[in-house]
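Subject: Structure handover

Hi,

Here is the structure I promised to pass on. Have a look at it first, and my notes follow below.

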Amino acid sequence: MKSEDFEHWMQKAAQWSAEYRRTVEQYPVRSQVAPGDILNQIHPSPPDTPESMDTIFSDFETIIPPGMTHWQHPGFFAYFPSNAAPAAVVAEVLATSIGAQCMLWQTSPAATELEVRMVDWLRQATGLPSDFQGVLQDTASSATLCAILTMRETTLGFTGNTDGLFGMAPLRVYASSRTHSSIDKAMWVAGLGQNNLVKIPTHNDGNFAMDADALRKAIHADREAGLQPAGVVICVGGTSIGATDDVAAICRIAKEEGLYTHVDAAWAGSAMICPEYRHLWAGIEDADSIVLNPHKWLGAPMECSAHFIKDPSVLVKTLAIQPEYLKTYGKDGIINFSEWGVQLGRRFRALKLWFLMRAYGLDGLRERIRNHVDWSAQLANRLDAEPDFEVVTSPILSLFTFRYIPTDESASDDVNLALVNAINDDGTIYLTQTSHDGRLVIRFTAGHFDLEARTIDQAFETICRLARQ
Ligand SMILES: *Cc1c(COP(=O)(O)O)cnc(C)c1O
């Protein structure tokens, strides 16, 4: 491509994007391709000579969209949403065009300083006290890894990075049995080992919260056995059914035991911009570390995870490494955000948050989340009122699970899996399944940025129609 054609192709990309958003409902939500369908359409080796942008763009238009699952489709009720609000997409295009690598303050002061401000906007928006500072990590998985590494290093007096973990008593981290797999993976990557993630049982009702007494007992038993308790991961809005721990109670125990706390609110954290949902994390001011993903429910495109930390100095002491070529001389009081995470090179992530929060305002964002929560509750009630459906776990924010009740109860798992598959083959909406109390159930979560009530009606009709076929 010739440099002078850049503007033309950017305009073409803008036109295509606008048309895509206008017409996304024409696609089945979940991609219907079979494994290899896309691979077989891509030339097995790279071209030696330039190809025309016309050819490249036209291949993009024909090959790629059918192989995409359309996360910006209003009928997306699977997993958790991954919203990309239009105003934030514009910011993302600008950040990509500038193409800065924002590892240090001096490699783009605006990126660092806007990040400082945007994280603080999010802190205020979610009602966190002013003693939290923060950073934008790529994903919640990374933020959790950083928190587990901080637990490791604070427990070891910052000797783990230099000496490794050889020959020492295992470090133990505690979390509810309903936490996300990213906690397990962080244990693997931090070298602490899966078996040292102690899964505490949960109460089997209400918010499915961690049993606080069991947590205390596990910590004491580990100390007596000569192991080294290091920290507790607290779950607010778990992925499967929305399980939520009692943050105040768990932080109290962790404080008494001298343990670092990390709160995983990757999905539910966005809802905390609405004061009426903040009871779900009451006591949050006592946590040491919190992650929430604006790239899930709030509207920022991937990747954008807000990681709040009470005392950034322990995080930085855990993760800062300064070879000569990364040193900045003669500037006081600057932040080098690459010292707050695992990555050295970093995108300019704050720009999309600036556009997002200004273009919709907190009121606009709150209204969306409130609608999602209300509409999910209404759908749960409608399904529960049908004789052949039951709600299995009640809504926590906008997430609930349900199942179709077959005449032969022993066929429940098979029938419900068949129903999920039929719904996703139909393509109007997209749902996923999970397992609860040993039974396969169907998850529903509303979260599309511009969701309308009519799409919830469509979901109800689709679920009932396909179940009864
Ligand atoms: C989605 C999710 C994660 C993982 O988030 P990534 O940003 O994809 O790493 C972790 N915990 C919970 C509760 C989640 O919902």
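Predicted model: local features only at pLDDT ≥ 70, side-chain atom pairs only at ≥ 80, totals over all residues.

Let me start with the shell around the ligand: its residues divide into four nonpolar, eight polar and two charged.

Residues are numbered from 1 along each chain as its sequence is written, and side-chain values use heavy atoms, with hydrogens and water left out.

**The ligand**

There are 14 residues around the ligand, and Ala140, Ser141, Asp264, Asn293 and Lys296 come nearest (a residue is near if one of its heavy atoms lies within 4 Å). Helix H5 (140–155) and helix H10 (294–298) each supply at least two residues of this shell; helices (H or I, at least four residues) and strands (E, at least two) are DSSP runs, numbered from the N terminus.

Oxygen atoms of the ligand have these partners:
- a backbone N or O atom of Ala140, at 2.8 Å
- a polar side-chain atom of Asn293, at 2.9 Å
- a polar side-chain atom of Lys296, at 2.7 Å

The protein buries 88% of the 380 Å² that the ligand exposes when taken alone (Shrake-Rupley method, 1.4 Å probe).

The structure holds three cavities of 30 Å³ or more. On a 1 Å grid over the protein atoms alone, a cavity is a set of points where a 1.4 Å probe fits but cannot get out; a pocket is an open set with protein on both sides within 12 Å along at least five of seven lines, and lining residues have an atom within 4 Å of a point. Points are joined across faces, edges and corners, and a volume is the space filled by probe spheres set on them.

The largest cavity has a volume of about 60 Å³. Asp264 and Lys296 turn up again in its lining, which also includes Phe80, His180 and Trp267. The second largest cavity, of about 50 Å³, has Gln137, Asp138, Phe337 and Arg346 among its lining residues. By class, that lining has two nonpolar, four polar and two charged residues.

The largest pocket holds about 1,000 Å³ of space. Its lining has 30 residues, with Trp16, Ser17, Tyr20, Arg21 and Val89 nearest the centre. Helix H1 (6–23), helix H2 (53–63) and helix H3 (86–98) each give two or more residues to this lining, and H1 has the largest share, with nine. By class, the lining has 21 nonpolar, seven polar and two charged residues.

**Aromatic pairs and backbone**

The count comes to 19 aromatic pairs (Phe, Tyr or six-membered Trp rings with centres within 6.5 Å; planes under 30 degrees apart are stacked, over 60 edge-to-face, the rest tilted). Trp16 and Tyr20 form a stacked pair, 5.1 Å centre to centre with 10° between the planes. These two are separated by about one helical turn because they are four residues apart in helix H1.

Two backbone details to check on screen: the peptide bond from Met302 to Glu303 is cis, with omega near 0°, and Glu303 is in the loop between H10 and strand S7 (305–309). Tyr79, in the loop between H2 and H3, has a positive phi near 35° although it is not a glycine.

Best wishes

How values were computed. Polar contact = N/O pair within 3.5 Å; in protein donor to acceptor, adjacent residues only side chain to side chain. Nonpolar A, V, L, I, M, F, W, Y, C, P; charged D, E, K, R; others polar.
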